[in-house]
Amino acid sequence: MPQPTPPAGRRHRTLKAPAGRLHLVEQGTGPLVLLVHGFPESWYSWRHQLPALAAAGYRAVALDVRGYGRSAKPAATHAYRMLDLVEDNVALVRALGEDRAVIIGHDWGSNIAATSALLHPDVFRAVGLLSVPYAPPGGPRPTDVFSRIGGPEEEFYVSYFQEPGRAEAEIEPDVRGWLAGFFAALSADTMPSRAEPDPHFVSRSTGRLRDRFPSGPLPAWLTEGDLDVYAGEFERTGMTGALNRYRNMDRDWEDLTPHNGAPIKQPSLFIGGGLDASTTWMADAIDAYPATLPGLVSSHLLDDCGHWIQQERPQEVNRLLTAWLASIED
């Protein structure tokens, strides 16, 4: 019995976009699937999905979001608002010669993918969300909410990231060490126990996030070589472009006011980690999916899985993604 022809290898490209340029990695042919990473990652976080989606008959494209990797890094903080990132995605689909795409995101990429689908249903025909659930725009001002989390002894990490230069001063002298600790803190096999201080908070007495990171071995999913890739990119670019996403949350809240409470109606998928704080803190958002994601095809919580879901459990995530994609084909 003849064996199927394996998909062609990965190809790096740089295309024009509102950001100035966007770097992407492409594999396979067929319907376009756009993969959007989160913090603090790059296209490389989709390294396991690119060949799997290509083998399943899709044109898989993983980009470096503006501010990351080899994509443009505008100097202005406001250049990282959600509306601009959405327009990057629309421009990328057009530059790839397509009219429509499926968009899948992880972490901040989940928010970016969801907003892309919300604002441009004509372009993004379906949306997959990994780790961070969809919650419609609206509610209180984000920085007001985050400032109330933690109390007098602790500061929530999102609040800590708000001031330009503050987190950079912690991270950039030892990017590799910081990334290793951050990845470990949110991975199922290395995260601190519930009895230990929560790594999502900064002690106001020490003022460093890394003081609560694990100091042991790397998570099983992260090799020394993988860590070299991530660290090498941020050592070259610095952290400001990536952190500026957090610094635009209030702008996003204002920009998206016309869409407060709006559902995403396209076919959708959610996959979360059972041990991920994103899924426990936002459990109400998952419960609200019948109203907020009326086109939801399936929702999954992976037991004993942390935040880096497509890297911690690549085979399971690939199986869920390809099954979902097959179910929504026109």
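Visitor: Hello! Which residues line the second largest cavity?

Guide: Welcome! This is a predicted model, and in it that cavity is lined by Val36, Leu63, Val65, Arg66, Leu85, Asp88, Asn89 and Ile112. About 30 Å³ of space lies inside it, and helix H2 (residues 82-95) gives the most to its lining, with three residues.

Visitor: What makes a space like this a cavity rather than a pocket?

Guide: The test is whether a 1.4 Å probe that fits in the space can get out. In a cavity the probe cannot get out, whereas a pocket is open. A search of the whole structure finds two cavities of 30 Å³ or more.

Visitor: How are the residues lining the second largest cavity divided by class?

Guide: Its lining has five nonpolar, one polar and two charged residues. Arg66 and Asp88 both belong to that lining, and they count as charged because Arg and Asp are in the charged class.

Visitor: What can you tell me about the largest cavity, and which residues line it?

Guide: The largest cavity holds about 60 Å³ of space. Around it stand His37, Gly38, Val65, Arg66, Tyr68, Tyr80, Leu85, Trp108, Ile112, Gly241, Ala242 and Arg245. Helix H3 (108-119) and helix H9 (240-243) each supply at least two residues of this lining.

Visitor: Which residues of H2 and H3 meet?

Guide: From H2 come Met82, Leu83, Leu85, Val86 and Asn89, and from H3 come Trp108, Asn111, Ile112, Thr115, Ser116 and Leu119. By class, these residues are seven nonpolar, four polar and no charged.

Visitor: And the sheet: what is its strand order?

Guide: The sheet is open and has eight strands, in the order E1-E2-E4-E3-E5-E6-E9-E10, with mixed pairing.

Visitor: What makes strand E1 (11-15) and strand E10 (296-302) edge strands?

Guide: Each of them pairs on one side only. Across the sheet, neighbouring strands are turned by 20° against each other on average, direction ignored.

Visitor: How do you know that strand E3 (residues 32-36) and strand E5 (residues 101-106) pair?

Guide: Pairing needs at least two bridges, and four bridges join E3 to E5, which run parallel. Leu34 stands opposite Ile103 in E5.

Visitor: Where does H3 lie, and what is its angle to E6?

Guide: H3 lies across E3, E5 and E6, and runs at about 160° to E6.

Visitor: Which residues are closest to the centre of the largest pocket?

Guide: The largest pocket has about 1200 Å³ of space. Of the 43 residues lining it, Trp108, Asn111, Phe146, Met249 and Met282 are the closest to its centre. H3 gives the most to the lining, with six residues, and by class the lining divides into 30 nonpolar, nine polar and four charged.

Visitor: And which residues lie nearest the centre of the second largest pocket?

Guide: Met191, Pro192, Arg194, Leu275 and Ala277 do, out of 17 lining residues. This pocket holds about 410 Å³ of space.

Visitor: Which peptide bond is cis?

Guide: The bond from Phe39 to Pro40 is cis, with omega near -10°. You will find Pro40 in the loop between E3 and helix H1 (49-55).

Methods: Residues are numbered from 1 along each chain as its sequence is written. This is a predicted model: local features need pLDDT of at least 70, side-chain atom pairs count only at pLDDT 80 or more; totals for chains, interfaces and linings use all residues. Side-chain values use heavy atoms; hydrogens and water are left out. On a 1 Å grid over the protein atoms alone, a cavity is a set of points where a 1.4 Å probe fits but cannot get out, and a pocket is an open set with protein on both sides within 12 Å along at least five of seven lines; lining residues have an atom within 4 Å of a point. Grid points are joined across faces, edges and corners, and a volume is the space filled by probe spheres set on the points. Axes are lines fitted to C-alpha atoms, for helices over the stretch in contact, and angles run from 0 to 180 degrees between N-to-C directions. Contact means heavy atoms within 4.5 Å.
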